[in-house]
Amino acid sequence: MNSKMAKLISPERVVELLECYGANPEAWPDDERTTALALIQHSTELQNLQREAGQLDKFLTNAGMQEPADLELVSRIVNNLPVQDKAKNSGKRHGSTVAKRSLFEFSGWTGMLAASVAVFVITLSITDLHQSSSLQPQSIESQAELDYWMWQQVTGEADNDDDEEPATVLALFGLE
Amino acid sequence: MMAVAQGDKGAFTEIVTRHLTPLVHFALRYVGRRPDAEDVAQEAFIRLWNHASSWQDQGFSLRSWIYRIAYNLCIDELRKRKPVTPVEDEVSLTSGEQPDAELYRSQQQTRVSAALGELPERQRTALMLCVYQGLSNQDAAAVMEINVEALESLLARARRTLRNKMVETDNE
């Protein structure tokens with residue numbers, strides 16, 4: 001893989017690699033490793049620099065020796081996790097899924113209830129409209145007349161000038 | 001990570017087990033005290049747990065993402081403190097009966113730890129990410145939000161400073 005990715009570099013670049021990443025070729029960038037090793041192999045000066053860099057690596061490695069994983073701390077972290085914010089977590093990647101699920105959940109018994117209420121309200125409205133329509137005088141011919149009739153229905157005003165309907169409730173029941 | 005995003009604690013535990021120790025050591029270099037370093041690591045993992053689904057959107061490897069979180073937490077912690085707490089020696093030289101080789105190694109560790117603690121913060125971070133945490137140069141640069149050339153410059157200066165310090169100490 002490295003030979004395929006190998007990048008041509010100069011001896012100066014090898015010096016830089018040693019100064020930056022140290023003597024261990026594993027620490028060098030993948031695409032420069034093969035060429036750098038080949039250049040070091042043919043240069044005593046570079047070999048000396050690699051040896052010097054290796055001494056510092058040794059110091060650093062010794063200083064960085066790590067104790068084994070603290071299993072108690074692992075348990076403490078895992079056992080004290082907050083409740084994961086599923087909405088936040090799934091929002092970006094699974095937003096549509098969440099939306100679909102919500103719709104599905106809404107279409108359960110709550111959906112049925114909402115639909116029933118909606119049907120009831122619509123039925124009432126249609127009945128009321130039908131009744132209103134039946135009360136509409138047949139003699140209305142113009143828009144102005146229709147508007148006036150509507151005004152009367154809304155405000156309760158009655159135009160009793162030329163009709164014979166009783167003016168009061170008592171009159172309505174023949175008690176006046 | 002997909003499993004973690006779905007609330008899989010088993011998958012999360014695997015990630016914690018794999019990354020906890022180096023992460024605590026990484027944080028220790030900044031915050032100085034082990035309990036504080038453990039707190040930083042714990043907070044970093046909690047954030048990982050809470051934001052698992054946005055990991056891929058960031059364009060980092062998982063490891064560099066964890067270190068980026070921890071690094072920012074460490075910097076926040078250091079900003080709260082004035083002055084900065086010196087790095088605690090990780091080596092205890094309590095026994096006077098240690099074999100010479102072990103004693104020598106312990107002394108070297110102490111010296112290098114002290115020298116690392118004296119490095120400028122950015123140089124130390126670059127070195128820790130590449131040497132101790134084994135991040136690739138690109139991942140380390142991503143954690144520090146710099147380009148690879150800048151990272152290499154920090155690494156070279158850090159190593160030069162350390163080398164000079166080690167030579168100075170040897171000559172004393």
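Which helices of chain A and chain B each supply at least two residues of the lining of the largest pocket? I started my look at this predicted model there. From chain A I noted α2 (11-21), α3 (30-41) and α4 (44-63). From chain B the list has α7 (121-132), α8 (137-144) and α9 (148-171).

**Pocket, continued.** I looked up the volume of the largest pocket and got about 570 Å³. I count 30 residues in its lining, and those nearest the centre are A:Tyr21, A:Ala27, A:Trp28, A:Pro29 and B:Asn137. Which helix gives the largest share of the lining? That one is α9(B), with five residues. Sorted by class, I find 13 nonpolar, six polar and eleven charged residues around the largest pocket.

**α3 against α4 in chain A.** Two of the chain A helices on my pocket list, α3(A) and α4(A), also meet each other, so I checked their geometry. I have their axes coming within 6 Å and crossing at roughly 115°. Angles of 65 to 115 degrees count as roughly perpendicular, and I therefore put α3(A) and α4(A) down as roughly perpendicular to each other. On the α3(A) side of the contact I see A:Leu39, A:Ile40 and A:Gln41; facing them in α4(A) are A:Leu46, A:Gln47 and A:Gln50.

**Confidence, chain A.** Next I went through the pLDDT. Chain A has a mean of 68, and 46% of its residues reach 70 or more. Which elements of chain A sit at the two ends of the scale? Helix α7(A), residues 95-106, has the lowest mean, 39, while α2(A) has the highest, 95. I flagged residues 91-108 of chain A, where the pLDDT is below 50; the stretch still has 14 contacts in the model beyond near neighbours in sequence. I flagged residues 151-176 of chain A too: pLDDT below 50, and twelve contacts beyond near neighbours in sequence.

**Confidence, chain B.** Chain B averages 82, and 84% of its residues score at least 70. Among its elements I find the lowest mean pLDDT, 67, in helix α4(B), residues 55-58, and the highest, 92, in α8(B). My flag for chain B goes on residues 88-97, with pLDDT below 50 and 16 contacts beyond near neighbours in sequence.

How values were computed:
Residues are numbered from 1 along each chain as its sequence is written. Chains are lettered from A and ligands numbered from 1 in the order in which they are written. This is a predicted model: local features need pLDDT of at least 70, side-chain atom pairs count only at pLDDT 80 or more; totals for chains, interfaces and linings use all residues. Side-chain values use heavy atoms; hydrogens and water are left out. On a 1 Å grid over the protein atoms alone, a cavity is a set of points where a 1.4 Å probe fits but cannot get out, and a pocket is an open set with protein on both sides within 12 Å along at least five of seven lines; lining residues have an atom within 4 Å of a point. Grid points are joined across faces, edges and corners, and a volume is the space filled by probe spheres set on the points. Helices (H or I, at least four residues) and strands (E, at least two) are DSSP runs, numbered from the N terminus. Ala, Val, Leu, Ile, Met, Phe, Trp, Tyr, Cys and Pro count as nonpolar, Asp, Glu, Lys and Arg as charged, and the others, Gly among them, as polar. pLDDT is the predictor's confidence in each residue, from 0 to 100. Contact means heavy atoms within 4.5 Å. Axes are lines fitted to C-alpha atoms, for helices over the stretch in contact, and angles run from 0 to 180 degrees between N-to-C directions. Angles under 35 degrees count as roughly parallel, over 145 as roughly antiparallel, 65 to 115 as roughly perpendicular and the rest as oblique.
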